[in-house]
There are 2 protein chains.
Amino acid sequence: MDWQGGAIFRPVRTGNAFEETVQRILEAVKLGVFGYGDRLPPERELALRLGISRETLREALRSLQAAGCVQVRRGRYGGTFVTYRLPPPDLGELRRAVRDMGAELEDALTYRLVLETGAAEQAARRGLTEQQCGYLRVRLAELETAGPDDYRRLDSRFHLAIAEVTGSHSLAAGVAESRMRLNDLLNAIPVLDRNIEHSSHQHRAMVEAILAGDVAGARRATEEHLAGTAALLRGFLG
Amino acid sequence: MDWQGGAIFRPVRTGNAFEETVQRILEAVKLGVFGYGDRLPPERELALRLGISRETLREALRSLQAAGCVQVRRGRYGGTFVTYRLPPPDLGELRRAVRDMGAELEDALTYRLVLETGAAEQAARRGLTEQQCGYLRVRLAELETAGPDDYRRLDSRFHLAIAEVTGSHSLAAGVAESRMRLNDLLNAIPVLDRNIEHSSHQHRAMVEAILAGDVAGARRATEEHLAGTAALLRGFLG
DNA sequence: AGTCAATGGTCTGGTTCTGGGCCATTGCCG
DNA sequence: CGGCAATGGCCCAGAACCAGACCATTGACT
């Protein structure tokens, strides 16, 4: 086995606050939390929520602005607006990215599977409030009417929503984290019509099981759904 | 639901590197990774692994030394040695601690359940190497022959071992994290003989299922095992 | 047109953390 | 006994980061 303190003595802080912040914001956009043209929270609030000083946040925003990912407007009703669109999927890129990840891919896939199936099960187990059911349904409907451009973004958003309705903050954070680690790969997968159809069917099954309180069903549906992309990504590794 | 970016815009860095480091080391000890008299890794190596400068680590060690948790010896074959023993369980203390945690308790329990049942399932699913089987058996045997003093420490170590043999670094880190959050509570639960017997039975069932590759059984056994302490802790909340 | 609140822009002093070099101590080993 | 290697002890210059104050701009509302 590993040496002493394997998982415990991992890094206390992840590199550099500024770079980490850039990544976070970029991931938020890539995960579909913010679409093209959406406004990020005000600097003061965002800095507070990220636990960094406003200066550091501004440095990150400056860098994102320079990269053309956001646009900043002053004055009341101003703010920081997203001007980023996902790059088109590219299988060559995907192959390269998968190779780069190496052994980390298997780790990330396992982590995702455990967290997302667990989240689905917990969501089904606990009785959801009216509001939560509505939230889930809205996310599903949003996804089903999505054009190809928005599909991947709204797919992330849908999966995140399941974790959120469990009410477990840690679980939602974990799912978001695991999604972030796989996101570039998932986004590089071309969105084909028959894939969408297949996915949609599974998404509906997941939501139905969760809303019906079908614990085992929710887990199984989620597992099946995740197996698809997992197999695809693993395929690029062989 | 939450506002925009719920789980994404959580704090980038957890407070202060020095305090965080103190906690980490203390948790490593409380989790049973290091027993009384064990030597921590050398400062230079530990600083590297924790991702902090040696000075910051030393500050943390100084503080632990002042608190009497470790003892430092210079020279070759010197190092930092653990001189900490778990305080005796105390139900009054437990009640207070549970109240202090509030809603966070439910979150932590859910997180733990998802991760540990998931880890057990993954461990059962993947074929374990001879070495991994041995590792798991050693941890179990170690736990079963433990005196009451060592029981809680070795129990943590056993549960951590299951996550480790999944081979998923993230999963192991997650389990360690969730254990850390509940650790003070778990340690405050008195260790009664009949509880030990009950737990041991469940531990054996978990290991047997994992070694036999019984995926569903491993999950179920783990779930049952965790349900006990969860119910107990929830009881103190009502 | 004027007001005002919300927002980004800028500055400054202070704290924490880093990275690296160098010294001091200790006990094994030839 | 003397060398040596591993370890902790110490110090410093500079970078990163923070907390807070204050300024500048903008557009809706009256």
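Two residues are in contact if their C-beta atoms, placed from the backbone, lie within 7 Å. The model discussed here is predicted.

Q: What share of the contacts in chain A between residues at least 6 apart in sequence join residues at least 24 apart?
A: The share is 71%. Each of these pairs has C-beta atoms within 7 Å, yet its residues stand at least 24 apart in the sequence of chain A.

Q: Why is chain A called as compact as a globular protein of its length?
A: Chain A holds 10 helices and two strands. The globule rule gives 18 Å for 238 residues, and the radius of gyration of chain A is 19 Å, close to that value, so the chain counts as that compact. Its C-alpha trace spans about 50 × 50 × 35 Å along the principal axes.

Q: What makes a residue of chain A buried, and what percentage is buried?
A: A buried residue has 20 or more other C-beta atoms within 10 Å of its own. In chain A, 39% of the 238 residues are buried.

Q: How do the residues near DNA strand C divide into nonpolar, polar and charged?
A: Six are nonpolar, nine polar and nine charged.

Notes: Residues are numbered from 1 along each chain as its sequence is written. Chains are lettered from A and ligands numbered from 1 in the order in which they are written. This is a predicted model: local features need pLDDT of at least 70, side-chain atom pairs count only at pLDDT 80 or more; totals for chains, interfaces and linings use all residues. Ala, Val, Leu, Ile, Met, Phe, Trp, Tyr, Cys and Pro count as nonpolar, Asp, Glu, Lys and Arg as charged, and the others, Gly among them, as polar. Helices (H or I, at least four residues) and strands (E, at least two) are DSSP runs, numbered from the N terminus. The radius of gyration is taken over C-alpha atoms; the globule rule is 2.2 Å times the number of residues to the power 0.38. A residue is buried if 20 or more other C-beta atoms lie within 10 Å of its own, exposed if 12 or fewer, and partly exposed in between; C-beta atoms are placed from the backbone.
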